[in-house]
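Subject: Structure handover

Hi,

Here is the structure for your files. My notes follow below it.

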Amino acid sequence: MINIEVPSTSGLIVNVALNVFSAFTAIVFNSITIQAIKKTSSLPNPLKILLLSLALSDLAVGLVAQPLWIVNILRKKDTEVLWIIQSALANASFLGIMALSVDRFLAVHLHLRYRELVTYKRVLRLAILTWVLSALLSSICCLVTENLNPFMNITIIVWSLCLIFLTVISCRLYFAVRVHTKQIQASQLNQTALSDELANASRLRKSSVSSFYVNFVFLVCYLPFFCSLINGIFFKKAAFTNSQIWQELFLLSRTLMFINSCLNPVIYCWRMRDIRHAIKDILRNTCTYKR
C-alpha cells in the first residue's frame with residue numbers, strides 16, 4: 001500500500017467530483033450504448049463484437065475501477081488491487097481499440113476480401129483473447145512482484161508498444177480514409193447508378209472516421225498519465241516530481257484516463273447514425289414506459 005500525496009483539499013475535492021460524475025456517466029452511457037449496439041442490425045458482426053468489447057471495458061471502469069480510485073483518494077492510500085484492476089482494464093481498452101483500428105484499416109484496404117478474412121468467429125476469438133491476455137498480464141505481475149515498481153515498469157513497456165502501434169495505425173487509417181473519400185466522390189460523379197455500393201462505402205468511411213476519433217480521444221486521455229508515470233518512476237529525485245504542482249497533475253492525469261470511458265459512447269452517438277437512432281429509440285421507449 002502506497003500513500004497518495006494530496007497536497008490540498010481543493011485537489012481532493014476536484015478529483016473526487018470528476019470521478020463521481022464520470023463514473024456515473026460511464027455506467028449510464030455505456031449501458032445504453034451496449035443495448036443500442038445489440039439492436040443495430042446494420043452493423044457488421046465483427047465490428048459489433050469489437051464495439052461491444054470496448055463498451056464492456058468502459059462500463060467496468062465506471063463500475064469497478066473508479067469507485068476503488070475514489071475510495072483510495074479519500075483514504076490517501078494506493079493499493080495493488082486498484083493497480084491490477086486498472087492495468088487489466090487499461091490493457092483491455094488498449095487491445096480493444098487497436099483491434100477496432102486494425103479492423104477498420106483492413107475494411108478500407110481489403111474491400112471484397114474483408115468479409116472472407118475477417119469473420120465473426122475470428123473476431124470473437126480475438127475479443128476473448130484480448131480480455132484473457134489483459135487478465136493474465138495483470139495477474140502475473142501481481143504474483144511475481146512484491147512492490148509496484150516492477151509492475152509499473154512492465155506496464156510502461158506494454159503501454160509504450162501499444163501507444164506506438166496505435167499512433168501508427170491511426171495515421172495510416174486517417175490517410176486511407178482520405179483516399180477512400182476521394183474514391184467515393186469520383187464514383188458518385190462517374191457511376192451514379194451504383195447507389196447501394198456507394199451507400200456501403202459511405203458507411204465504411206463513417207465507421208473508419210469514428211474509429212479514428214476513438215483513437216485520438218484515447219491518446220489524449222492516456223498520454224498525460226503515461227508521461228507522469230514515466231516521470232514518477234525514472235525521475236523520483238527531481239524537484240518538480242516532488243512538488244505540489246506535480247502531485248496535483250499526477251492525480252488529474254489519472255482521473256483523465258478514467259474519464260475516457262464516458263467519452264467513447266459520445267463518439268459513437270455523434271459519428272455513427274445507426275447507433276444514434278438506436279439510442280434515441282431506447283430513450284424514447286424508456287420514457288414511454290415510465291409514463
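Asp103 lies in helix α3; helices here are DSSP runs of H or I with at least four residues, strands are runs of E with at least two, and both are numbered from the N terminus. Asp103 counts as buried because its relative accessibility is 4%. The cut-offs: buried is under 20% relative accessible area, exposed is over 50%, and partly exposed is in between, with a 1.4 Å probe and protein chains only. Leaving out residues up to four places away in sequence, Asp103 touches Pro46, Leu47, Leu50, Tyr114 and Val118. Contact means heavy atoms within 4.5 Å.

Before you go further: this is a predicted model, where local features need pLDDT of at least 70, side-chain atom pairs count only at pLDDT 80 or more, and totals for chains, interfaces and linings use all residues. Residues are numbered from 1 along each chain as its sequence is written, and side-chain values use heavy atoms, with hydrogens and water left out.

On confidence: pLDDT is the predictor's confidence in each residue, from 0 to 100. The protein averages 79, and 79% of the residues score at least 70. Strand β1 (residues 2-3) is lowest, at a mean of 48. Helix α1 (residues 9-39) is highest, at 90.

Back to α3, residues 80-110. Its 31 residues reach 44 Å from first C-alpha to last, close to the 45 Å expected at 1.5 Å a residue. That expected span is 1.5 Å times one less than the number of residues. The helix is mostly covered, with 23 of its 31 residues buried. Just after α3, His111 takes a positive phi of about 60°.

Next, the helix pair. Helix α2 (residues 45-75) and helix α8 (residues 244-271) have axes that come within 10 Å and cross at roughly 145°. Axes are lines fitted to C-alpha atoms, for helices over the stretch in contact, and angles run from 0 to 180 degrees between N-to-C directions. Residues making the contact include Leu51, Asp58 and Trp69 of α2, and Arg254, Phe258 and Tyr268 of α8. By class, the contact has eight nonpolar, four polar and two charged residues. Ala, Val, Leu, Ile, Met, Phe, Trp, Tyr, Cys and Pro count as nonpolar, Asp, Glu, Lys and Arg as charged, and the others, Gly among them, as polar.

Last, Leu52, also found in α2. Leu52 counts as buried because its relative accessibility is 19%. Beyond neighbours within four places in sequence, Leu52 is in contact with Ile34, Ile37 and Lys38. The C-alpha atoms of Leu52 and Asn30 are separated by 9.4 Å.

Best wishes
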